[in-house]
Amino acid sequence: MFENMEKLQNLEDRYLDLEAKISDPSVIARQDEWQKYTRAHARLTEVVTVFREYKKLAAAYRDDETIITARDDEELAAMAEEEMAELRPRIEAFEQRLTLLLLPRDPNDERNIIMEIRAGAGGDEAALFAGDLFRMYTRYAESRHWRVEVMDSSPTGLGGFKEVIFMVSGEDVYSHLKFESGVHRVQRVPETEAQGRIHTSTATVAVMPEAQEVDVKIDPADIRIDTYRAGGAGGQYVNKTESAVRMTHIPTGIVAQCQDEKSQAKNREKCLRVLRARIYEAAQEKQRQAEASERRSQVGTGDRSERIRTYNFPQGRVTDHRIGLTLHKLDEILNGRLDELIDALRTEEQSRRLQQVK
């Protein structure tokens with residue numbers, strides 16, 4: 001019998017209680033409360049579904065044991081032994097799945113994210129690659145019905161980005177994209193390369209969970225705000241008004257800036273969200289380092305040697321170096337079909353966490 005049966009039964013009881021609440025007209029009338037209960041109910045659905053199926057299998061197994069122990073009918077006992085042999089691996093698989101589902105979730109998994117992509121080594125080619133990564137994540141977000149909102153960007157004339165910062169909003173965004181932090185490397189022949197030589201360029205990606213005011217208390221007196229004229233593409237509007245905003249958090253020295261909106265007020269709002277996320281991430285990184293000193297920083301330096309993934313155009317392959325996975329699906333991946341990569345990373349993370357509790 002699974003050792004966490006009591007905990008699972010408590011979760012099922014909670015699930016039933018929530019089911020009653022979200023069907024109650026008096027609760028439905030209180031939309032904020034109803035949405036809170038609905039989200040809690042949805043989070044429990046998978047574990048309760050698996051638990052119920054597990055209970056059916058365990059009950060069948062116990063019935064077979066009773067038949068074998070009684071030995072009233074040898075033919076029936078033989079059939080029970082066969083069924084037990086079939087049930088045993090299924091029950092073990094369900095127990096492992098339940099163990100995974102009971103592991104504490106990353107508290108940030110359900111949050112929206114702010115993602116930063118910066119061109120690293122490689123000049124114009126690195127900026128073009130940063131643009132490719134931005135489009136890749138945008139298309140992946142669209143496939144999951146998430147919303148993408150650009151917070152700040154520094155486009156280049158060739159269609160790339162020196163830097164692009166954007167928010168992705170939706171269901172469980174951080175849990176899917178948190179593994180994208182690090183240095184991404186591309187190997188390809190640039191269009192400007194006359195001799196057909198392969199060039200290597202990099203871009204760095206940082207993924208930060210969106211921070212709420214309750215997570216990060218910022219004293220307005222601790223923020224220095226500078227305004228300046230926006231730069232980059234934008235026709236007659238650019239450089240005529242000081243709509244761009246730069247915020248500096250004086251105690252930490254953390255800086256954020258936004259210039260994508262024509263309104264200074266909108267840029268201030270976006271800038272504060274980015275600043276809050278960066279302060280929250282810095283605090284979390286400090287805590288992670290205290291817990292595991294070997295864990296390195298998310299972003300790295302953009303150097304070619306600090307890579308988590310390589311996109312090789314001549315061979316049409318993508319390799320994730322952390323888990324040793326190579327997929328010959330470069331075009332699909334750059335078009336936002338990231339599920340196979342992300343699922344493999346999530347599975348590896350789950351396996352690692354399982355080993356820690358054994």
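**Notebook: helices, sheets and one loop**

I began with a pair of helices, and I noted that H3 passes H4 in a left-handed crossing. The model I am reading is a predicted one, and I keep that in mind for each entry below.

*Entry on the helix pair.* I looked up where the two helices lie and found helix H3 at residues 31–70 and helix H4 at residues 74–102, packed at an angle of about 155° with their axes 8 Å apart. Angles over 145 degrees count as roughly antiparallel, and that makes H3 roughly antiparallel to H4.

*Entry on the whole chain.* I then stepped back and counted nine helices and 11 strands in the protein chain. The chain has 358 residues, of which 42% count as buried, and it exposes about 19700 Å², with carbon and sulfur atoms supplying 48% of that area. I also looked at contacts between residues at least 6 apart in sequence, and I wrote down that 61% of these join residues at least 24 apart.

*Entry on the eight-stranded sheet.* Which order do the eight strands of the open sheet follow? Reading across, I found E2-E3-E1-E5-E4-E9-E10-E11, and the pairing is mixed. Strand E2 (147–155) and strand E11 (325–327) stand at the edges, and because each has a single partner strand, one side of each is left without a neighbour in the sheet. I noted too that neighbouring strands of this sheet are turned by 15° against each other on average, direction ignored. As a reminder to myself, strands of a sheet pair through backbone hydrogen bonds, either parallel or antiparallel.

How many bridges join E4 to strand E9 (residues 309–312)? I found four, and here the two strands run parallel; one detail I kept is that Val186 has Tyr311 in E9 as its bridge partner. I then checked how covered strand E4 (residues 182–188) is, and seven of its seven residues turned out to be buried, where buried means under 20% relative accessible area.

*Entry on the three-stranded sheet.* I turned to another open sheet, in which three strands follow the order E6-E7-E8 with antiparallel pairing. Its edge strands are strand E6 (223–228) and strand E8 (254–258), each of which pairs on one side only. Neighbouring strands of this sheet are turned by 15° against each other on average, direction ignored. Between E6 and strand E7 (residues 244–249) I found six bridges in the antiparallel sense, and I noted Thr227 opposite Val245 in E7.

*Entry on Gly157.* My last stop was a loop, the one between E2 and strand E3 (161–169), where Gly157 lies. Is Gly157 buried or exposed? With a relative accessible area of 85%, Gly157 is exposed, because the cut-off for that word is over 50%. I also looked up how Gly157 stands to Asp124, and the two are 33 residues apart in sequence and 9.4 Å apart in space, taken from C-alpha to C-alpha.

Methods
Residues numbered from 1 in each chain as written. Predicted model: local features only at pLDDT ≥ 70, side-chain atom pairs only at ≥ 80, totals over all residues. Heavy atoms only, no water. Pairing = 2+ DSSP bridges. Axes fitted to C-alpha atoms, helices over the stretch in contact; angles between N-to-C directions. Buried < 20%, exposed > 50% of the residue type's maximum accessible area, 1.4 Å probe, protein only. Contact = heavy atoms within 4.5 Å. Areas by Shrake-Rupley, 256 points an atom, 1.4 Å probe, with all protein chains shown as cover. Parallel < 35°, antiparallel > 145°, perpendicular 65-115°, else oblique. Left-handed = near helix turned anticlockwise from the far one by under 90°.
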